[in-house]
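Here is a walk through one protein model, written for someone who would rather look at the structure than read tables. Keep the viewer open as you go.

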Amino acid sequence: MPLRPIVEYPAPVLLSPGELVADFNAELESLVQDMFDTMYDAEGVGLAAPQIGMPLRLFVMDCDGIKLVAANPEILSTEGEQDGEEGCLSVHKVPAPLKRPAKAVLRAQDISGQTFEREATGLAARCFLHETDHCDGRLFIHHLSPLRRDMVVRRFRKLQRR
Ligand SMILES: [Zn+2]
């Protein structure tokens, strides 16, 4: 299965909301397979379709024991708070501390279009939130203070120039 190039900040596809996934067909299955392959190759724990240039509300993840495909994801509820570092394949994994809810409930459709709900805590909850943000055209750096965001973007640009 072909690996797809990962689109980096500030590509427009990363900064605008994705379109609803409407067709649960073989084409979607092959796209999802490419997304998993690309994510594993990049040693990521989640990957959203806009990150490979596809303007769709779709992500895959394999994080903290939760492996799933989420089409048309929404966060139904969150609870509590967790500290931790977050990074993104589209920002060259430059990490920054970011508070997130400790628990999140995701509703989405699976690869066959079946709606499911899944609850997660810790790193997996962070992943639900990070990847659903991607589907809304939002990156984790948008949750940071302007100062911290500038620091991440500057480090990212240095890595990009290498
Ligand atoms: Zn990301």
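How many bridges join β2 to β3? There are 6, and the two strands run antiparallel.

## Ground rules

This is a predicted model, so local features need pLDDT of at least 70 and side-chain atom pairs count only at pLDDT 80 or more, while totals for chains, interfaces and linings use all residues. Residues are numbered from 1 along each chain as its sequence is written, and side-chain values use heavy atoms, with hydrogens and water left out.

## The sheet

Let's start with the strands. Helices (H or I, at least four residues) and strands (E, at least two) are DSSP runs, numbered from the N terminus, and two strands pair if DSSP finds at least two bridges between them. On that basis there is an open sheet of 5 strands in the order β1-β2-β3-β6-β7, with antiparallel pairing. β1 (46-48) and β7 (115-121) stand at the edges with a single partner strand each, so one side of each has no neighbour in the sheet. From one strand to the next, the twist averages 40 degrees; angles like this run from 0 to 180 degrees between N-to-C directions, with axes as lines fitted to C-alpha atoms, for helices over the stretch in contact.

Now go strand by strand. β1 and β2 run antiparallel and are joined by 3 bridges, with L47 standing opposite V60 in β2. Further across, M61 stands opposite L68 in β3. The hairpin of β2 and β3 has 2 residues between the strands, and D64 there takes a positive phi near 55 degrees. Strand β3 (residues 66-79) is also joined by 6 bridges to strand β6 (residues 103-109), again antiparallel; the bridge partner of A71 in β6 is Q109.

## Helices on the sheet

Helix α1 (residues 26-41) touches β1, β2 (58-63) and β3, and its direction makes about 45 degrees with that of β2. α2 touches β1, β2, β3, β6 and β7, with its direction at about 160 degrees to that of β2.

How much of β2 is buried? Counting a residue as buried under 20% relative accessible area, exposed over 50% and partly exposed in between (1.4 Å probe, protein chains only), 5 of the 6 residues of β2 are buried, so the strand is largely enclosed by the rest of the structure.

## The zinc site and the cysteines

Which residues coordinate the zinc ion? They are C88 (SG), H130 (NE2) and H134 (NE2), at 2.0 to 2.2 Å. Along the chain, these donors follow the spacing C-x41-H-x3-H. C88 is buried at 2% relative accessibility, and H130 is buried at 7%. Donors here are N, O and S atoms within 2.8 Å of the metal (3.2 Å for Na, K and Ca); water is not among the atoms, so sites may look incomplete.

As for disulfides (a pair of cysteine sulfur atoms within 2.5 Å), the count is 0. Take C63, which is buried at 1% relative accessible area: the closest cysteine sulfur, in C127, is 4.3 Å from its own, and that is too far for a bond.

## Aromatic pairs

Rings of Phe, Tyr and Trp (its six-membered ring) pair if their centres lie within 6.5 Å; planes under 30 degrees apart count as stacked, over 60 as edge-to-face and the rest as tilted. That gives 2 aromatic pairs. Y9 and F156 have ring centres 6.4 Å apart and planes at 65 degrees, so this pair is edge-to-face. Y9 lies in the segment before α1 and F156 in helix α3 (residues 146-161), so the pair ties together parts 147 residues apart in sequence. Both Y9 and F156 are buried.

F36 and Y40 make a stacked pair, 6.0 Å centre to centre with 20 degrees between the planes. They are 4 residues apart in helix α1, which means about one helical turn separates them. F36 is buried at 8% relative accessible area, whereas Y40 is partly exposed at 37%.

How values were computed
Contact = heavy atoms within 4.5 Å.
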